[in-house]
Amino acid sequence: MIRQLIQHILLGGFLLTGLSCSGKVVRKQARLPNVIYIMADDLGYGSLGSYGQKLIRTPYLDQMAKEGIRFTKFYAGSTVCAPSRSTLLTGLSTAQSVVRGNQEYGGFRDEEERGQFPLPPGTETVARFLKQYDYTTGLIGKWGLGGPQTTGIPNLHGFDFFYGFLDQKQAHNFYPSHFWRNQTWEATKNGYFSPHQKLQGDPADPAAYALFKGMDYATDMFGAEALRFIEAHQEQPFFLYLPYTAPHLALQAPDEAIAEYEGIFEEIPYIGDKGYLPHPKPKAAYAAMITRMDQQIGKMLQLLKKLDLDQNTLVIFTSDNGASFKMGGFDPDFFEANGPLRGYKQDLLEGGIRVPFIARWPGVIAPNTTSDHVAANWDVFATVAELIQKPLRNVQEGVSFLPLLTGIGIQQTHEWLYWEFPEVKNGIQAVRWGKWKGIRTGWMKNPDAPIALYNLDTDLAELHDVAAQHPDVVAFLKTLLAKRKTAALSNWNPSY
């Protein structure tokens with residue numbers, strides 16, 4: 001029945017709902033499906049049980065994978081927060097997006113909150129697109145694409161409702177002084193304390209860490225707000241973008257969440273000497289942050305079933321980039337957070353950009369399936385447009401993966417994918433073409449810098465540069481990089 005439903009939706013058809021008393025056929029137009037897009041923050045490829053994680057419990061996301069499809073070759077839009085989120089919302093890779101790095105304004109204190117590079121006025125986003133087709137659109141979590149009183153606030157870019165962090169620097173604290181509700185500052189019960197401090201007391205004294213806790217925990221607040229949004233809008237199609245801040249540093253979780261990992265790990269207290277906040281049990285705290293998010297997602301999935309929305313809702317889970325490098329008390333290698341991949345956040349190695357991706361839609365997506373289809377964040381916009389059978393208004397780079405999800409139609413593939421990140425090592429670029437991955441470092445200083453070449457079919461960890469053995473492949477990748485490095489940047493120049 002549900003596969004028939006999706007076929008009717010894709011064809012803009014009607015559903016046969018029964019016979020009237022007079023014997024006439026009663027037809028009712030199919031309701032468009034809800035879409036929930038959940039994005040974790042700095043969650044590595046190997047951080048979920050369904051992707052091989054052994055130390056951190058993620059039962060609800062693992063169940064979601066069993067009930068849906070798991071991609072093994074899905075890519076974030078960038079290797080850091082803001083540009084990755086921009087690619088999702090605009091359908092443009094970092095070749096075309098105006099946001100290509102974490103360009104920061106202001107500081108960490110409340111009075112210094114100014115956010116990141118703001119989206120220009122009138123930017124076409126997936127939320128703005130869906131609104132014109134009677135979707136209610138919500139964003140709960142971390143924004144990072146424009147601070148207060150700028151052109152970048154979510155309500156100016158297609159979101160009917162926003163609750164969360166505007167400035168991603170504020171999101172370094174899971175017990176913040178405030179969230180934004182639409183364009184209104186809403187104080188929490190926590191008060192303000194800096195998310196970057198060193199321990200002042202005895203590392204062995206639990207009381208020394210009391211300053212780094214609060215009452216309103218971001219992950220819980222976002223989860224509760226998401227439930228309210230779904231209940232409030234259950235009668236009409238909705239799009240909910242739910243970018244959690246877990247497990248981005250700082251290491252913070254409620255005591256009862258950390259207690260679930262009590263005694264499991266050998267712990268050395270972290271005193272805050274490598275950024276972010278101290279914690280007496282850093283390993284347990286990191287694991288607890290992910291499990292706590294998983295629990296909130298579980299509550300949401302249960303609510304969808306309770307409200308009879310389960311079979312009319314596409315739910316997707318992914319991450320904005322790979323796991324962070326070792327800092328702030330977090331040890332990615334201990335958890336094998338990026339699985340078999342080399343590199344971390346801020347790299348364009350696979351560990352920086354290949355991320356988990358799970359999609360669930362009971363009755364439409366075949367359960368317990370795995371796909372090696374190569375896709376990226378900027379494909380989501382095209383997928384949603386095909387889902388509701390409406391034409392894209394602007395040129396975009398995405399390739400819809402809806403045929404793969406539904407089993408209806410022929411799945412198209414990317415000829416190649418491109419990333420760039422200008423904020424480290426004088427700029428890094430990467431391109432994937434089939435099994436080949438090329439990475440150029442220092443291209444902003446030297447446009448002809450050499451390209452490292454990796455065969456991802458035989459060298460997933462990118463340990464062996466085979467550029468010298470395949471000069472023809474390198475030459476071709478150079479032509480692809482040349483096409484992208486000259487792509488037009490927006491003339492948008494926000495003033496502060």
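**Helices, rings and loops**

Q: Is Gln149 buried or exposed?
A: Gln149 is exposed, with a relative accessible area of 83%; exposed means over 50% relative accessible area, buried under 20%, and partly exposed in between, using a 1.4 Å probe and protein chains only.

Q: What should I know about the model first?
A: This is a predicted model, in which local features need pLDDT of at least 70 and side-chain atom pairs count only at pLDDT 80 or more, while totals for chains, interfaces and linings use all residues. Residues are numbered from 1 along each chain as its sequence is written, and side-chain values use heavy atoms, with hydrogens and water left out.

Q: Okay, and where is Gln149?
A: Gln149 is in the loop between β7 and β8, where helices (H or I, at least four residues) and strands (E, at least two) are DSSP runs numbered from the N terminus. Phi of Gln149 is near 60°, a positive value in a residue other than glycine.

Q: Which residues of helix α2 are buried?
A: In α2, which spans residues 59-66, the buried ones are Leu61, Asp62, Met64 and Ala65. They lie on the same side of α2 because they cover an arc of only 155° around the axis, the arc being that of the directions from the helix axis to the C-beta atoms.

Q: What covers them?
A: The cover includes β4 (69-75), α7 (282-306), β12 (313-319) and β13 (354-360).

Q: How do α2 and α7 cross?
A: Their axes come within 7 Å and cross at roughly 50°, where axes are lines fitted to C-alpha atoms, for helices over the stretch in contact, and angles run from 0 to 180 degrees between N-to-C directions. The two helices are therefore oblique to each other, given that angles under 35 degrees count as roughly parallel, over 145 as roughly antiparallel, 65 to 115 as roughly perpendicular and the rest as oblique. The contact (heavy atoms within 4.5 Å) is made by residues including Tyr60 and Met64 of α2 and Ile297 and Leu301 of α7.

Q: And what about α5 and α7, at what angle do they pack?
A: Helix α5 (residues 218-232) packs against α7 at an angle of about 10°, with the axes 9 Å apart, and the two are therefore roughly parallel to each other. Among the residues in this contact are Ala224 and Leu227 of α5, together with Gln296 and Met300 of α7.

Q: Switching topic, how many aromatic pairs are there?
A: The structure holds 31 aromatic pairs; rings of Phe, Tyr and Trp (its six-membered ring) pair if their centres lie within 6.5 Å, and planes under 30 degrees apart count as stacked, over 60 as edge-to-face and the rest as tilted. Phe165 and Phe179 form an edge-to-face pair, 5.1 Å centre to centre with 65° between the planes. This pair links distant parts of the chain, with Phe165 in strand β8 and Phe179 in strand β9, 14 residues apart.

Q: Which rings form a cluster?
A: Ring pairs link Tyr261, Phe265, Tyr286, Phe330, Phe334 and Phe335 into a cluster. Phe334 counts as partly exposed at 32% relative accessibility, whereas Phe335 is buried, with a relative accessible area of 3%.

Q: Which charged end sits over the ring of Phe334?
A: That is the charged end of Lys283, 4.8 Å from the ring centre; a charge sits over a ring if NZ of Lys or CZ of Arg is within 6 Å of the ring centre and within 35 degrees of the ring normal.
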